[in-house]
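Here are my notes for your first look at this one. Keep the sequence and the 3D view open side by side while you read.

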Amino acid sequence: MTDTATAPAALVGVYAQPDLVLARGEGCWVWDEDGRRYLDFTAGIAVNALGHGSPVVASAIRSALETGLVHTSNLFPTRPVRELAQLLVELSFPGQVFFCNSGAEANEAALKFARRWAGSTGAEHKKEFVSFRGAFHGRLFGSLAATDREAYQAPFRPLMPGVHFTAVGDVAGVEALLARGSVAAVFIEPLQGEGGVNPVPGEFLRALRALCDRHGSLLAFDEIQCGLGRTGALFAHQHAGVIPDVMTLAKPLAGGLPMGAVVVSEAVGSALRPGDHGTTFGGGPLVASVALAVVRAISDPVFLEGVRARADHLVQRLSTLPGRVPGVKEVRGMGLLQGVVVEEQAASIVSRARELGLLVVSAGPKVVRLIPPLTVSFDELDLGLELLERSLAGAEGDS
Ligand code: PLP
């Protein structure tokens with residue numbers, strides 16, 4: 001291994017990183033400084049949807065740089081950001097878009113917007129939120145409060161108060177919470193990612209829509225991990241035919257450059273006033289230009305059809321694992337976000353896979369998560385599955 005990897009890094013130790021240094025990427029592959037290559041089924045945690053070194057991303061960056069405008073701040077409008085907002089609204093639901101720099105920031109903004117909207121309807125008392133068991137919405141004080149992970153929350157309390165948790169599928173529980181009359185918004189990932197790759201049934205999303213309408217609360221979908229083509233539809237909620245009032249996006253949005261977005265309905269947008277929220281970097285012309293190219297590429301129906309074909313292939317092959325490979329309990333997910341539920345610690349399988357040249361990531365202690373680039377080839381899927389199976393087989397006899 002290189003010196004860089006083994007020397008004490010001057011980095012805050014909040015990540016447990018393996019002993020390798022990545023140096024280069026192309027498509028579904030990355031190389032470390034020692035020249036070893038890895039098949040990357042993490043895609044930067046669902047960010048590199050178009051793969052590493054994507055020509056779409058590279059040429060968008062190049063032409064954006066030619067304008068000389070990397071950043072302008074939101075003191076002034078730029079064309080790419082206006083066009084991007086328009087495109088996102090056309091592809092989702094009528095309303096407006098706020099741009100920021102990450103997923104957690106998008107959710108923080110969404111939490112604030114929901115309270116602002118409630119206040120504007122005369123319901124100032126609606127300050128609370130509903131979230132779900134297994135939810136992950138980010139690591140800032142509001143988004144962390146809506147994240148169901150004791151270990152992430154415990155050292156940092158007090159968090160934002162007023163978030164109530166119930167189980168996915170618990171319609172009566174949500175109804176009881178909304179009936180209190182104090183809930184500004186219900187937040188849910190249509191497909192939970194970090195919490196263990198748990199698809200949320202379409203009928204539950206539809207029930208939430210009806211309950212939110214009945215009780216005057218907003219329905220907010222966090223599509224930061226599952227959105228933008230990952231499930232084979234442009235947005236995961238489109239499988240259920242439910243339109244939210246608020247949708248948060250980030251991860252793949254700007255092809256690897258940091259960008260988050262909150263899409264809000266006309267009703268929510270009209271409650272927001274200058275000064276209500278802001279961020280210096282959000283919606284800069286460079287990232288917005290790249291996001292425009294990425295969203296155009298991903299929203300192409302032919303591209304999405306390709307994602308569905310790849311996903312069918314992956315799911316079909318994964319479905320043979322439980323029962324055939326010892327230690328595999330279940331496989332679940334949607335599209336190209338799949339979780340393999342295992343008996344042993346997922347982290348051990350993740351490191352064995354890496355030794356074999358496959359990068360995967362866990363989703364909680366017992367789920368190995370597969371998130372290949374949406375451009376993964378069928379051969380790469382087959383190779384990844386072969387390497388995964390070998391890493392799973394290595395589990396035999398382990399506890
Ligand atoms: N929401 C969901 C569903 C996520 O998966 C993540 C990140 O994994 C976030 C929010 C937070 O995004 P970020 O890490 O960009 O702050």
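**Notes on the model**

1. Let's start with Val-197, which counts as buried because its relative accessibility is 0% (buried means under 20% relative accessible area and exposed over 50%, with a 1.4 Å probe and protein chains only). Look for Val-197 in the loop between β8 (191-192) and β9 (198-199); helices (H or I, at least four residues) and strands (E, at least two) are DSSP runs, numbered from the N terminus. Its phi is near 55°, a positive value in a residue other than glycine.

2. A word on the ground rules. This is a predicted model, where local features need pLDDT of at least 70 and side-chain atom pairs count only at pLDDT 80 or more, while totals for chains, interfaces and linings use all residues. Residues are numbered from 1 along each chain as its sequence is written, and side-chain values use heavy atoms, leaving out hydrogens and water.

3. Leu-228 also deserves a look: it isn't a glycine, yet has a positive phi of about 60°. You'll find Leu-228 in the loop between β10 (218-222) and β11 (246-249). With 3% relative accessibility, Leu-228 counts as buried. Why flag such things? Most residues other than glycine have a negative phi, and most peptide bonds are trans.

4. On that last topic, check the bond joining Arg-157 and Pro-158: this peptide is cis, with omega about 5°. Pro-158 sits in the loop between α7 (150-153) and β6 (163-166).

5. Now the ligand. Which residues come nearest? Of the 13 around it, they are Gly-103, Ala-104, Asp-222, Gln-225 and Lys-251 (near means a heavy atom within 4 Å). Helix α5 (residues 103-120) gives the largest share of this shell, 3 residues.

6. A polar side-chain atom of Gln-225 is 2.7 Å from a ligand oxygen, and a side-chain N or O atom of Lys-251 is 3.1 Å from an oxygen atom of the ligand. Phe-136 uses a backbone N or O atom, 3.4 Å from a ligand nitrogen.

7. Last, helix α12 (residues 301-318). Among its buried residues are Phe-303, Val-307, Arg-310 and Leu-314. Seen down the axis, the buried residues fall within an arc of 150°, so they line one face of α12 (the arc is that of the directions from the helix axis to the C-beta atoms). On the other side, Pro-301, Val-302, Glu-305 and Asp-312 are exposed.

Technical notes
Polar contact = N/O pair within 3.5 Å; in protein donor to acceptor, adjacent residues only side chain to side chain.
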